[in-house]
Amino acid sequence: MKKLWKYLLLGVGVLLIWLFFYTDLIKYPVSLTDMMVGIKAEPNHIPIDYEESYATIRSCGKRCDNLNIIYEGSKERLVVIATNYVSWADDPKWGKNTIVPGTNYYYQNNDGKQLLFWKDEKEELELGLEYTGEKSLPKEELIKIAKSIKAEGKQLD
């Protein structure tokens, strides 16, 4: 019976670790993200009426995290994406045909989902915005949101 309890507790522990680090099922307060994963990417300019904001965190390996900060309203949703994972240069999001002329931002519109990506070389972060709503936002508005984000990434010891 003791062995059964030991294996049961071990299984529950592994499940909790998996839920906490490898899924984005848990909603965290936005203000705690820099303390939990060492990444901060909150926008100062949010042009939507949102009713709820929260963060989800998913691990992508040792010293690698994906942070999503979600602002949800009844008719629109804005997600700020920040990761210290370095994607490949041939990733379609970095395509030459998706760059916004005169900027370092890459824009895509996939079936009503607007995406904007950029890199913060100093902080060693890849950042992005994902917007969905009844009306699309102009690229300039997405860039304004992106410029309002003061991203911070730090290695946790």
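The model is predicted: local features need pLDDT of at least 70, side-chain atom pairs count only at pLDDT 80 or more, and totals for chains, interfaces and linings use all residues. Residues are numbered from 1 along each chain as its sequence is written, and side-chain values use heavy atoms, with hydrogens and water left out. The secondary structure comes to three helices and eight strands. Helices (H or I, at least four residues) and strands (E, at least two) are DSSP runs, numbered from the N terminus.

**Overall figures**

- Along the sequence, the elements follow the pattern α-α-β-β-β-β-β-β-β-α-β.
- Taken along the principal axes, the C-alpha atoms fill a box of roughly 65 × 35 × 30 Å.
- The protein has 157 residues, and 38% of them count as buried. Buried means under 20% relative accessible area, exposed means over 50%, and partly exposed lies in between (1.4 Å probe, protein chains only).
- The accessible surface is about 10,300 Å², with 55% of it belonging to carbon and sulfur atoms. Areas come from the Shrake-Rupley method with a 1.4 Å probe; for residues, only the protein chains shown count as cover.
- Among contacts between residues at least 6 apart in sequence, 51% join residues at least 24 apart. A contact means heavy atoms within 4.5 Å.
- There are 21 positive and 23 negative side chains, and the centres of the two sets lie 6 Å apart. Lys and Arg count as positive, Asp and Glu as negative; His and the chain ends are not counted. Each charge is placed at NZ of Lys, CZ of Arg, CG of Asp or CD of Glu.

**The six-stranded sheet**

- Six strands make an open sheet in the order β2-β3-β4-β7-β6-β5, with antiparallel pairing. Two strands pair if DSSP finds at least two bridges between them.
- β2 (52–61) and β5 (106–110) are the edge strands; each has a single partner strand, so one side of each lacks a neighbour in the sheet.
- From one strand to the next, the twist averages 15 degrees.
- Helix α3 (residues 139–147) packs on this sheet and touches β4, β5, β6 (113–120) and β7 (125–133). The direction of α3 makes about 40 degrees with that of β6. Axes are lines fitted to C-alpha atoms, for helices over the stretch in contact, and angles run from 0 to 180 degrees between N-to-C directions.

**Strand β3 and its two partners**

- β3 is mostly covered, with seven of its nine residues buried.
- β2 and β3 pair in the antiparallel sense over nine bridges.
- Across that pairing, Ser59 stands opposite Asp65, and Ile57 stands opposite Leu67.
- The hairpin of β2 and β3 has two residues between the strands, and Arg63 takes a positive phi near 55 degrees there.
- On the other flank, β3 (residues 64–72) and β4 (residues 76–83) pair in the antiparallel sense over seven bridges.
- β3 and β4 also form a hairpin, with three residues between them.
- Ile70 stands opposite Val79 in β4, and the bridge partner of Glu72 in β4 is Arg77.
- In a regular strand, side chains alternate between the two faces of the sheet.

**Loop residues**

- Asp111 lies in the loop between β5 and β6. Its phi is near 55 degrees, a positive value in a residue other than glycine. Asp111 counts as exposed, at 85% relative accessibility.
- Glu124 sits in the loop between β6 and β7. Its phi is near 55 degrees, again positive in a residue other than glycine. Glu124 is exposed, with a relative accessible area of 60%.
- Tyr28 belongs to the loop between α1 (2–22) and α2 (33–37). Tyr28 is buried, with a relative accessible area of 9%.
- Tyr28 and Gly153 are 125 residues apart along the chain, and their C-alpha atoms are separated by 18 Å.
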